[in-house]
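Q: Could you take a close look at one part of this model for me, the strands and the packing around them? I'd enjoy a connected walk through the details.

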Amino acid sequence: VMKQPPGKRWRWQWKRPFSTEIASHAHTLEELYDLDPLEFEQYVAQLFRQKGYTVTHRGRSGDKGVDLELKQANGKRAIVQCKRYRRPVGPEIVRELFGTLIHERVSHAFLVTTADISKSARAWAQGKPITLIDGHLLAEVSETLLQRKPPGF
């Protein structure tokens with residue numbers, strides 16, 4: 001997992017407008033299912049921003065599996081694939097993401113999903129520069145980073 005160097009501030013970029021209402025509070029897993037795909041990508045981008053990454057939104061038709069591109073101050077890049085799924089994510093998605101990581105020539109890849117991630121997918125990712133974030137972990141991270149506030153607060 002990429003670490004932020006001590007004492008460094010990070011910037012935030014968007015190529016598309018960001019809805020602050022979406023990321024104004026932490027969402028439960030059920031609330032995340034209710035977001036449309038673009039809103040989900042924007043929400044995930046906000047979480048990475050909170051972790052100190054510079055984020056560029058790339059998700060669109062023909063994005064080749066890259067929804068977000070992350071950058072650290074030292075120039076290292078990573079990619080994020082967002083999957084707003086209800087069914088478990090299998091190893092084929094992780095294999096595809098690994099191929100995209102190599103093609104994009106980045107140092108790390110993140111798979112962020114609302115679903116569960118199968119044991120075989122986790123086993124396939126083992127030892128590779130891939131971080132898997134399932135729906136339950138996503139909701140926990142959201143709670144920690146965005147300090148749960150009721151909608152409209």
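A: Happy to. A nonpolar core here means a set of buried Ala, Val, Leu, Ile, Met, Phe, Trp, Tyr and Cys residues joined through side-chain atoms within 4.5 Å. Please keep in mind that this is a predicted model.

With that definition, the largest nonpolar core has 21 residues, and those with the most contacts inside it are F48, V80, F110 and V112. Two or more residues each come from α1 (29–34), α2 (37–50), β2 (68–71), β3 (77–83) and β4 (108–113). Helix α2 gives the largest share, six residues.

Setting aside its neighbours within four places in sequence, V80 is in contact with V44, F48, G65, V66, D67, L68, L70, F110 and V112. Three of these partners, F48, F110 and V112, are also named with V80 among the residues with the most contacts inside the core. Apart from this core lies another, of 17 residues, including I93, L101, A125 and L132.

Now to the strands themselves. β2 and β3 pair in the antiparallel sense over four bridges, and L68 has V80 in β3 as its bridge partner. These two strands form a hairpin with five residues between them, and G75 in the turn has a positive phi of about 95°. On the β1 side, β1 and β2 also pair in the antiparallel sense, over four bridges. There, H57 stands opposite L68 in β2. L68 is therefore a handy landmark, because H57 stands opposite L68 and V80 is the bridge partner of L68 in β3, each strand pair being one in which DSSP finds at least two bridges.

The structure holds five salt bridges. In one of them, the side chains of E69 and R58 meet at 3.0 Å, N to O. This pair links distant parts of the chain, with E69 in strand β2 and R58 in the loop between β1 (54–57) and β2, 11 residues apart. E69 also meets R77 through their side chains, at 3.2 Å, N to O. How accessible are these two? E69 counts as buried because its relative accessibility is 17%, under the 20% cut-off. R77, at 24% relative accessibility, counts as partly exposed. Taken together, R58, E69, R77 and E104 are linked in a network of salt bridges.

E104 leads us to helix α3 (residues 91–104), which has 14 residues and reaches 20 Å from its first C-alpha to its last, close to the 20 Å expected at 1.5 Å a residue. Its buried residues are P91, I93, V94, L97, T100, L101 and E104. An α-helix has 3.6 residues a turn, so residues three or four places apart point the same way. The buried residues of α3 pack against β3, β4, α4 and β5.

One more salt bridge deserves a visit: the side chains of R122 and D134 meet at 2.9 Å, N to O. R122 lies in helix α4 (residues 119–125) and D134 in the loop between β5 (130–133) and α5 (135–146), so the pair ties together parts that are 12 residues apart in sequence. R122 is partly exposed, at 32% relative accessibility, whereas D134 is buried, with a relative accessible area of 14%.

Key:
Residues numbered from 1 in each chain as written. Predicted model: local features only at pLDDT ≥ 70, side-chain atom pairs only at ≥ 80, totals over all residues. Heavy atoms only, no water. Buried < 20%, exposed > 50% of the residue type's maximum accessible area, 1.4 Å probe, protein only. Contact = heavy atoms within 4.5 Å. Salt bridge = Lys/Arg side-chain N within 4 Å of Asp/Glu carboxyl O. Expected span 1.5 Å × (residues − 1).
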